[in-house]
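Biologist: I have the structure open and a few quick things to ask. Can you put it up on your side too?
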Amino acid sequence: MKASMIAVAVAATLAGCSTGSGNMFASRDRTVEYIRVFDLKTDAQGQLVARAASEGLSRNVKNATLATPVPENAEVQDQPGRFKMPDLAGAPPGTVPARGPSCEGASWTAKAAPDVRGGQDMNIVACLFPYKGGYHLDMYAAFVKKEGGWMEWPRRAANYVLGTPDKYAERTMLDIVRTIRETTNAQVALVEAKPEVAGAPWLEPVGVAPRGSQTSKP
């Protein structure tokens, strides 16, 4: 009798926790997007820069589609190009672009969909745009991750040991720009970041683990 009363009490407690706005066991999917744009001041030839970018990507991504498109205009532009985000008008909120941004006008492109623990539908795109001052490296990463629910604390423990999809995306992008910097002695400056970056981790050696952005959580 006592055991059955305890069971009823536990069931009532769980039912109370699962109703209203304070649902402590509610699970949700959150879409995470990263944008990194770097300016690379270097006199290195395009083939060397592209090869360094490919090498940096391969440190974390084993299967990627790489391309070195032939530019329509042989003359180097005064200003660098920029990747273009797809139009998601009418798409469900939180939708991750299936192919990511387009790299029209880039001299080197990379696209990958790595299978990363904790990050569903991960999509990584990188574009290298030459201009008279050097190059712009535009990078994009997006994925969906689980939050909340019964598995939140086990998930946090696993993330602490094995790492998070956030840190994987950050490390992948950092290793690309770091490898270019170390290979070509380029002067690197951050142009745009989403979320914001603490410090200047792109100036650290290749392979150094990212400390995390201001909005990412382990």
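Biologist: Which residue stands opposite I124 in β4?
Modeller: A112 stands opposite I124 of β4. Strands here are DSSP runs of E, at least two residues, while helices are runs of H or I, at least four; both are numbered from the N terminus. This is a predicted model, so local features need pLDDT of at least 70 and side-chain atom pairs need 80 or more, while totals for chains, interfaces and linings use all residues. Residues count from 1 along each chain as its sequence is written, and side-chain values use heavy atoms, without hydrogens or water.

Biologist: How many bridges link β3 and β4?
Modeller: 5, and the two strands pair antiparallel. Two strands pair if DSSP finds at least two bridges between them. β4 covers residues 120-131.

Biologist: And which strand does β3 join through 3 bridges?
Modeller: β2, residues 65-67, also in the antiparallel sense. There, A67 has T109 of β3 as its bridge partner.

Biologist: Why is β3 largely enclosed?
Modeller: Because 4 of its 5 residues, in the run 108-112, are buried. Buried means under 20% relative accessible area; exposed is over 50%, and partly exposed is in between (1.4 Å probe, protein chains only).

Biologist: New topic. How many disulfides does a search of the whole structure find?
Modeller: 1. It joins C103 to C127, S to S 1.9 Å. The cut-off is a pair of cysteine sulfur atoms within 2.5 Å.

Biologist: What does that pair tie together?
Modeller: C103 is in the loop between β2 and β3, and C127 is in β4, so the link ties parts 24 residues apart in sequence. The link is left-handed, with -45 degrees about the S-S bond.

Biologist: Are those cysteines buried or exposed?
Modeller: C103 is buried at 11% relative accessible area. C127 is buried too, at 0%.

Biologist: Which side chain makes a polar contact with the H136 side chain?
Modeller: D39, at 3.2 Å. A polar contact is a pair of N or O atoms within 3.5 Å; within protein, one must be able to donate a hydrogen and the other to accept it, and residues adjacent in sequence count only if both atoms are side-chain atoms.

Biologist: Is H136 buried or exposed?
Modeller: Buried, with a relative accessible area of 13%.
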